[in-house]
Amino acid sequence: MAKPKRRYVCSACGSLTNRWQGQCADCGEWNTLTEEAPETVFSARHDLSSGGRAIAFEPLDAPSEALQRRSTGLAEFDRALGGGLVPGSAVLMGGDPGIGKSTLLLQAAARIARTGSSVVYISGEEAAGQVRLRAERLGLAGAPIALAAATSVRDILTTLAQMPPPALVVIDSIQTMHSDQIEGAPGTVSQVRASAFELIRYAKENGVALVLVGHVTKDGSIAGPRVLEHMVDVVMSFEGERSHQYRILRSLKNRFGPVDEIGVFAMEGQGLSEVGNPSLLFLSGREQPVAGSAVFPAIEGTRPVLIEIQALIVRLASGATPRRAVVGWDSGRLAMLLAVLEARCGLNFSSAEVYLNVAGGYRLTDPAADLAVAAALVSALADKPLAADAVWFGEVSLAGEIRPVAHSAIRLREAAKLGFASAYGPGEAGARCDGAHFTALGLLPNLVDRILGAA
């Protein structure tokens with residue numbers, strides 16, 4: 001290895017020399033030459049301060065083309081995407097095995113292909129014959145989709161380069177893809193990151209809408225490196241209980257539209273069908289009033305959805321350890337709400353088992369559901385059914401206060417549209433009530449008194 005050369009720089013004028021001397025030959029200053037750190041082979045090879053291509057800067061107000069979206073042919077899919085697929089975008093869709101991701105994408109790909117646009121569907125998990133069998137079962141065998149079974153990213157990109165850029169490319173799934181430039185089996189962190197990077201770069205350069213199907217871990221998060229979610233433009237989650245008919249497509253990240261929009265589907269024999277009014281779906285089967293049932297007007301993105309919350313209280317013999325079971329809601333929030341009901345309202349749940357369920361396989365994260373859950377718990381404890389035409393919403397604080405929540409007017413409007421005559425919630429919601437009769441509740445004891453008949 002060649003010995004690194006020493007260089008001396010003048011602190012006054014910045015001139016360079018290969019040997020030290022007392023006076024700078026350029027500016028004439030004395031004792032200003034100092035030795036620079038020697039340049040090693042590594043630093044010379046990895047110096048990125050020169051040799052590149054100058055980039056052009058643009059002002060924020062530079063004119064640009066309007067965003068052109070492509071409809072998938074499924075209104076609920078378009079709603080979750082924010083209006084449709086954007087050319088040059090990368091969409092990552094995750095979900096439990098068997099939930100219907102491949103079925104949904106095959107239906108969307110067939111509808112886009114039937115409009116005259118070219119669509120490429122590449123399966124890394126199933127053989128082409130298996131995908132054709134699904135298409136026949138769904139009645140989509142005649143759709144002009146370019147189908148292939150491949151796992152090599154190099155082969156896929158080479159094939160795509162030999163044809164005009166398609167409108168849509170579906171990769172099912174990214175965990176089965178591999179790059180021959182990276183060591184490791186498909187599905188490893190390095191392989192998933194490298195394969196996704198190459199596919200996304202192709203989509204950006206050619207204006208192709210790319211959809212990547214992703215596996216999920218046992219806790220429901222998308223498997224692989226977290227950087228995968230940062231690389232793509234849209235992250236979607238396909239949720240639902242396989243024992244239930246309903247499926248929810250939820251947008252978790254969207255660079256081109258609102259987040260938390262949902263699309264609702266029903267799994268049927270001919271594939272996934274769209275559900276235009278999910279409130280009627282989640283409220284079905286409420287003919288007879290039952291204690292422990294409350295209706296909550298939830299907000300998903302810009303869409304109001306009425307959900308039934310069910311509670312069951314079972315008294316136990318003295319000394320037995322009570323159980324708390326929750327389906328579709330946060331168990332920690334249930335424990336907090338039970339503590340507030342005991343401390344602020346004087347109710348006793350310590351000797352009873354508490355079961356809480358969100359009907360229809362729906363999962364709630366809205367804090368406005370506190371009041372509906374509390375109403376269901378009090379109704380179940382007192383064995384008194386709530387009014388069948390009432391909705392409940394509001395956030396409950398640790399002090400027992402019922403706090404305001406967002407989009408009260410939209411919640412009330414949806415409840416009135418579906419025939420609910422009364423609504424209970426925080427006081428500020430009454431000013432914007434334009435449908436159901438509204439009753440303001442300031443404290444949680446007001447709710448308990450109203451249900452138990454003391455007020």
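**Figure 1. In this predicted model, three strands make up an open sheet whose order is E2-E1-E3 and whose pairing is antiparallel.** Strand E2 (16–17) and strand E3 (33–35) stand at the edges, and because each has a single partner strand, one side of each is left without a neighbour in the sheet. Strand E1 (residues 8–10) is joined to E2 by two bridges, and the two strands pair in the antiparallel sense.

**Figure 2. A view of the cysteines shows Cys10 and Cys24, which are both buried.** Cys10 is called buried because its relative accessible area is 2%, a value under the limit of 20%. Cys24, with a relative accessible area of 4%, is likewise buried. How many disulfides does the model contain? A disulfide requires a pair of cysteine sulfur atoms within 2.5 Å, and by this rule the count comes to zero. Cys24 is in no disulfide, since the nearest cysteine sulfur, which belongs to Cys27, is 3.6 Å away.

**Figure 3. Nine strands form an open sheet with mixed pairing, in the order E6-E5-E7-E8-E4-E9-E10-E11-E12.** At the edges of this sheet stand strand E6 (146–149) and strand E12 (271–274), each with a single partner strand, so one side of each has no neighbour in the sheet. From one strand to the next, the twist averages 25 degrees. Within the sheet, strand E7 (residues 168–172) and strand E8 (residues 209–214) run parallel and are joined by five bridges, and Asp172 has Val213 in E8 as its bridge partner.

**Figure 4. Helix H4 (residues 128–138) lies across strand E5 (119–123), E6 and E12.** Where the helix meets E6, which is one of the strands at the edges of the sheet, the two run at about 140 degrees to each other.

**Figure 5. The largest pocket holds about 700 Å³ of space.** Among the 31 residues that line this pocket, those closest to its centre are Ser237, Glu239, Arg250, Leu252 and Arg363. Which elements give two or more residues to the lining of the largest pocket? They are strand E4 (90–95), strand E9 (234–239), strand E10 (246–254) and strand E13 (293–300), and the largest share, five residues, comes from E9.

Note on methods. Residues numbered from 1 in each chain as written. Predicted model: local features only at pLDDT ≥ 70, side-chain atom pairs only at ≥ 80, totals over all residues. Heavy atoms only, no water. Buried < 20%, exposed > 50% of the residue type's maximum accessible area, 1.4 Å probe, protein only. Pairing = 2+ DSSP bridges. Helix = DSSP H or I, 4+ residues; strand = E, 2+ residues; numbered from the N terminus. Axes fitted to C-alpha atoms, helices over the stretch in contact; angles between N-to-C directions. Contact = heavy atoms within 4.5 Å. 1 Å grid on protein atoms, 1.4 Å probe; cavity = no way out; pocket = protein on both sides within 12 Å on 5 of 7 lines; lining within 4 Å. Points joined across faces, edges and corners; volume = space filled by probe spheres on them.
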